[in-house]
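These entries record what I looked up in the structure.

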Amino acid sequence: MLLTLLLIPILTAFAVILRPARQAALIATIGSTAAFAWSMLVWRAFDFGDSAAMQVTASWTWIEPLGLRLSLGVDSIALLLVMLTAALTPLAILGSWTAITQRVREFYLWMLILEAAMLGVFVARDLLVFYIAFEFTLIPMYFLIAVYGSTNRARASIVFFLYTFTGSILTLVGLLYVAWAHWDQYGRWTFDIAALTATAASMSAAQQAWVLLALCCGFAVKVPLFPVHTWLPLAHTEAPTAGSVILAAVLLKLGTYGLYRFAMPMCPAAFHEYAPLIAVLCIVGIIYGALVCWVQRDMKRLIAYSSVSHLGFCVLGLAAINAAGVGGSVMYMINHGLSTGALFLCVGMVYERFHTRSLDELGGLARRMPVWTAFTIFFVLSSVGLPGLNGFVGEFLTFFGAFTSGQPVQGLPTGGPLGPWYGAIAATGMILAAIYLLYFAGHLVFGAYHLPDTSHAGHDDHAHVRLPRDLCMREIAVLAPLALLCFWLGVQPGAILSRIEQPVSEIVTHVNAAADRSMLITAIDESEDR
Amino acid sequence: MISAAGAQLVLLSSLASASDAAAVRLNVPVEWIVFAPLLAALLCGILALRTGDARARYSGAICVAGIGLAFLTSVAIAASVGYGFAHETVFEWIRFDRLRADFAFFLDPLTSIMLLVVTGIGTLVAVYASEYMRGDRGYARFFAFVSLFIVAMTTLVLADNLILMYLGWEGVGLCSYLLIGFYYEKPAAVAAAKKAFIVNRIGDLGFALGICLTYLQFGSVEFAVIFEQVEALRTSGAEIPTAIEAIPFLLMLGAFGKSAQLPLYVWLPDAMEGPTPVSALIHAATMVTAGVYLIARTLPLFLLSEYALPTVAWVGCLTAVFAATIGMAQYDIKRIFAYSTVSQLGYMFMGLGVLSSVGATFHLFTHAFFKAALFLGCGAVMHGFAGQLDLRRLSGLGRVPGWQIVTGSMLVACLALAGFPLTSGFFSKDMILAEAFVTAGPGYRAIGWIGLLTAGLTAYYTFRVFFRVFLGPVHFTAGEEHHGGHGHHFHPHAPGAAINVVLIVLGAGAIFAGWAGVGGGHHGWFGSMVHHSTAAYEAPAGAAHGGFFSNPHQWMMLASSVVGLLGIGVAAYLHLYNRAAAERLRRSILPVAVLAGHKWCVDEGYDLLVRRPLRFIGHVCYSLGDTLIINGLVALGGAVPRLIGAAVRPMQNGRLQGYGLGMAGGLATVIIIVWVML
């Protein structure tokens, strides 16, 4: 079932190549929508009563002596991210119909390949399948930026590629080390993630620390955590709208998902030990990203930096290692995907009309584009974390998790390495988010209506389809589902929360128990030494 | 000193547990209070987005109907709840791990009072606005936001847990933002809206952290559970952990933000950029009292700390006098009343702080009427005189035909604000001030005296406006919204039926609302209501009503009448009989007057000390941190692919697929190399 899900975009990609260019957009839209429909079937088939277990599994032997298997499966968290990917890709494609006018077939080809690769990451149960898919997301993204980006695209694509590639090579080293340790211990090769996780978790704290460091190299760059975030603004600014949407909505989640799927369970003791350090980086990132946002004049770069700030919250939740924190973090992954993805779409729609990203050149769009304004303000509010919309639940739970982490609730001890100060300082990000997002809205949406000089904006107008001043039905069809989802998840977050409770509590217990064990071992060693 | 043991909490045992069998069964669907305005908001919102839809003109009626239905439901609910309490779950919201925050309502008499104020004033303002906003391009948008505000505000009031209250809290903040920035093409309006939202967020941070800490200490965010445990903690006589004592301080930060107290008051005067009905509804009568409501609602928590309530009292007291001094030096009548709102909210906090929750909520109640009347009166003037609000350019409106109802309601409301005997403001203000003199606490006597002085200042600045604008010789200039050419062609248009009726109703309220707090029992019907809510407590026995005079309330009524009349008298001399004297006086204290006119330069100070440094750090982070690092990396990274490129040049055939294959091949090579190395 999951293999079919991967094959749908790949086959559609072939169809796009084989058919004439003018049909490419339609075929890609239909194909990716079909993938979404299929993912709905997977959702139906999934038994949420046992949501921590890998379900809808499939497995084929690949290279027997190395223990390589093509095995797929999802738990509820992976399934949610699959749904996010499958839902956003068709919307991003639908949003690109008029924006992409040259090398059209290649564009949709790369979009669909990218979708398959991202889905592959989330459904992999085998380490190498995961890693290949993980790395393979780079290639389509590289071309999306390098070919369809704006003026600075060459530099952006190279920085993007080098940054993430270097990081993930180190991740590979860490993962292979775990596989080798398994071979060393059991005398046979396997790349089954569950088996390797068990092996890794039983390693000594020192070994785990090295593995954690290696894993973090790749995942932290992907997230991106401060201070390895600098590729993101560049990539976002230069990428075409659809690229930015996918980059923000899904590709960044590969990092947080990697931390959740590998770093936490494989090196629980080390993760627990170093979580405060990770949390500090997150908090610095939250505040740093927000302050930098505030001085941007380029609207895409502003939203890119807001991702740095937001993803800081997301990882902070993981580092809290309690149910609220990790659960909130998973919520945050979905929410950030929806609202930031939507913001990039909104900004892209403006860019397509006026060919500028500069906040100095645009202003007061509310007057002429009321529908667009309503959507933009809505997604800004979702991003600010307004209660009643989706962003709030994730944000509140993550900083609530950080705040309550390791603190006795009503005198009863709870797990986690952080404490109130982490939560309190991170929460200042809420104020800063309001500052920069309202600064953004105040400049772009409100104020006196003004547009860039037509002299330098309209030079390539002939290449573009004329769009109405306000949004057309196609664009509304792109944004409306996202808005509905944002609202629905804000009012009924239980739709997600109840479904992730089991895996979250399992991993929290796992990490905290391992940390306790490791501390006990250390204590015993010390007493023996004495 | 106030302490948990000193102030006797008369929290009824039945109130402590909402699941108790003693709960009232509601015979009215309480969720209509939220859903009826929500429906109105949706309808108006749709109309607002359909540009050119002629049906947009019905949005005023839709809004009035929605809020009116909420009001009727509130009346029925108040009757149904009576002196009891009720609990109602509408749907499950956030449930994760042990955290439970449902979309559920907690109703007690305090809730009833707030609901009546919010939906009652809301309905009146909606009626008023249906005339006032006519002809505005954003007519439907306005009513969508107003309806949405009522949704958020009633949710805030009805919430049975802190997180849902936070939802309402942020929701009203959003509506306030949207409505202050309603005229979004005016840069001042956009800036004011942004300022309001951000300053409020600073307070909200305290609220949010307070929620976290409450959960840590009590294991729940639901009021019923929290209060039960507070009660248990108090009766056990155990040492109260410091962390618990921190909770009220965090919550009060939120309250000070929303209710515009020192040091977070700066957003409220600027909020006057919004349409005037909004100033009346949100920035005078309802939303800004949310902070007072928050503290009244969570009063049991505040009683756990020795210093919490004195802090509240002192902040309220200082805000009251500080804002009054600024109000005295302003010329824009809307701004004068805005500072007056800040000042009167200060009284409410003073009341909470000196253990007069009845006085505080009663003042909230009466203030809603007379301040709404004042703002709506200002709005009528602004509407009729093309946006003119400068009291130097308006005079003698009372004698202009068609303005009698406005003048009359303004007079009544001004009297109430000035605390003129037997008006509503008189009773409620006295309740607070008298309590300040009798309650034992750090410097509470001084608070009482400062409060009394402020009452005099209030009477002065209130009647400065009234005497200047409504009495004296008739002369006026049109405001900047007048596009008909020169000033002398200008004819003010008197308000119509909707505006006049609303002004009459509110004027009546400004006089008679005070009677709710007089009569049988302790402070009449209103006192009984509050005493049956979670905000109930009694001053410690013995100290009560004996320390100062035999009856502090009577003494205070006398004292404040004198002070109030004195203020009115000074205003009458300076601004009615001898306006030249006012000018001379002003010149003699010019530096002070100018400084007060510039709002004591607090805004400039904040800009210099907070905003600029933060932005500077942002710039440094961006240009030094990021740009340098990026540039460095690109310089470094750019060299690597060029080297690789030189090596594999024959492979580059310009085809994208070729690149892809090459990349995949490269990846495979790297994997194999790493493999072999291991």
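I first checked the length of helix α8 (residues 223-236) of chain B: at 1.5 Å a residue its 14 residues should span 20 Å, and its end C-alpha atoms are 20 Å apart, so the two agree. The expected span is 1.5 Å times one less than the number of residues. Helices (H or I, at least four residues) and strands (E, at least two) are DSSP runs, numbered from the N terminus.

I noted that the model is predicted: local features need pLDDT of at least 70, side-chain atom pairs count only at pLDDT 80 or more, and totals for chains, interfaces and linings use all residues. Residues are numbered from 1 along each chain as its sequence is written, while chains are lettered from A and ligands numbered from 1 in the order in which they are written.

I looked up burial in α8(B) and found B:F223, B:A224, B:I226, B:F227, B:E228 and B:V230 buried (20 or more other C-beta atoms within 10 Å of the residue's own, C-beta atoms being placed from the backbone). After α8(B) comes B:G237, with a positive phi near 75 degrees.

I then examined strands β2 (residues 86-96) and β3 (residues 99-107) of chain B, which pair in the antiparallel sense over eight bridges; pairing requires at least two DSSP bridges. B:F96 stands opposite B:L99 of β3(B). The two strands form a hairpin with two residues between them, and B:D97 in the turn has a positive phi of about 55 degrees.

Last, I recorded that 58 residues of chain A are in contact with 56 residues of chain B (C-beta atoms, placed from the backbone, within 7 Å). α17(A) gives the most to the side of chain A that touches chain B, with ten residues.

Conventions
Contact = placed C-beta atoms within 7 Å. Buried ≥ 20, exposed ≤ 12 C-beta atoms within 10 Å, placed from the backbone.
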